[in-house]
Amino acid sequence: MTSMPEVAMEWQSFDQLTADKLYELLRFRQGIFVVEQASPYPDLDGHDQDAWHLLLRIDGALSGYLRLIPAPPSLRIGRVAVGTAMRGRGLGRLLMEEALSFCGAHYPGQDIVLAAQLSQVSFYEGLAFMVISEPYDDFGVMHIEMRRRCSP
């Protein structure tokens, strides 16, 4: 009988991130969005300082990540990523459900927007996001803007 891995999630503001945690999450994002997807995009875009960072760890190892940028009148979720070895286990949904709960508790009444990779549109539609733009090329990866309306 194998034991279930320990899954832990933590929200951190930029100021709460230690140098080691910041390095870890930037390396994680770079490994997925730049190296794996062969997309030389500017990951360091100046938004991390104003964002909330959600780190998902499995047995202590960073295995998932997203960031939430409060940008009234809406919120922006981005950099949603799950490590290659952990994909297909529902961790992306777990990250997003936690983010949606956090948004509702801390930013009630605000819509949430995101730029979805085209291959992930149905995943986000399953979380009540709707397409609001035409597809566009973002450094070699096709994306589309999506929005989730706040619940009244």
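Student: Through how many residues does the hairpin join strand 3 to strand 4?

Tutor: Strands, like helices, are DSSP runs numbered from the N terminus, a strand being E of at least two residues and a helix H or I of at least four, and two strands pair if DSSP finds at least two bridges between them. In this predicted model, a hairpin leads from strand 3 to strand 4 through two residues. The two strands run antiparallel and are joined by seven bridges, with I69 standing opposite R76 in strand 4. Residues are numbered from 1 along each chain as its sequence is written. Since we are reading a predicted model, local features need pLDDT of at least 70 and side-chain atom pairs count only at pLDDT 80 or more, while totals for chains, interfaces and linings use all residues; side-chain values use heavy atoms, with hydrogens and water left out.

Student: Which peptide bond is cis, and where is P73 found?

Tutor: Most residues other than glycine have a negative phi, and most peptide bonds are trans. Here the bond from P72 to P73 is cis, with omega near 20 degrees, and P73 is found in the loop between strand 3 and strand 4.

Student: What is the phi of A38, and what is that of A128?

Tutor: A38 is not a glycine, yet has a positive phi of about 50 degrees, and its place is in the loop between helix 1 and strand 2 (52-58). A128, which is not a glycine either, has a positive phi of about 75 degrees and is found in the loop between helix 3 and strand 6 (130-131). For accessibility, buried means under 20% relative accessible area, exposed over 50%, and partly exposed in between, with a 1.4 Å probe and protein chains only. A38 counts as exposed because its relative accessibility is 62%, whereas A128, at 44%, counts as partly exposed.

Student: In which sense, parallel or antiparallel, do strand 4 and strand 5 pair?

Tutor: Strand 4 and strand 5 pair in the parallel sense over four bridges, and L75 stands opposite I112 in strand 5. Between them the chain passes through helix 2, and this β-α-β crossover is right-handed, a term used if, with the strands pointing away from the viewer, the path from the first strand over the helix to the second runs clockwise.

Student: How many of the nine residues of strand 4 are buried?

Tutor: Seven of the nine are buried, so strand 4 is largely enclosed by the rest of the structure. Another buried residue to look at is S13, with a relative accessible area of 19%, which is found in strand 1 (residues 7-13). Leaving aside neighbours within four places in sequence, S13 is in contact (heavy atoms within 4.5 Å) with A51, W52 and H53.
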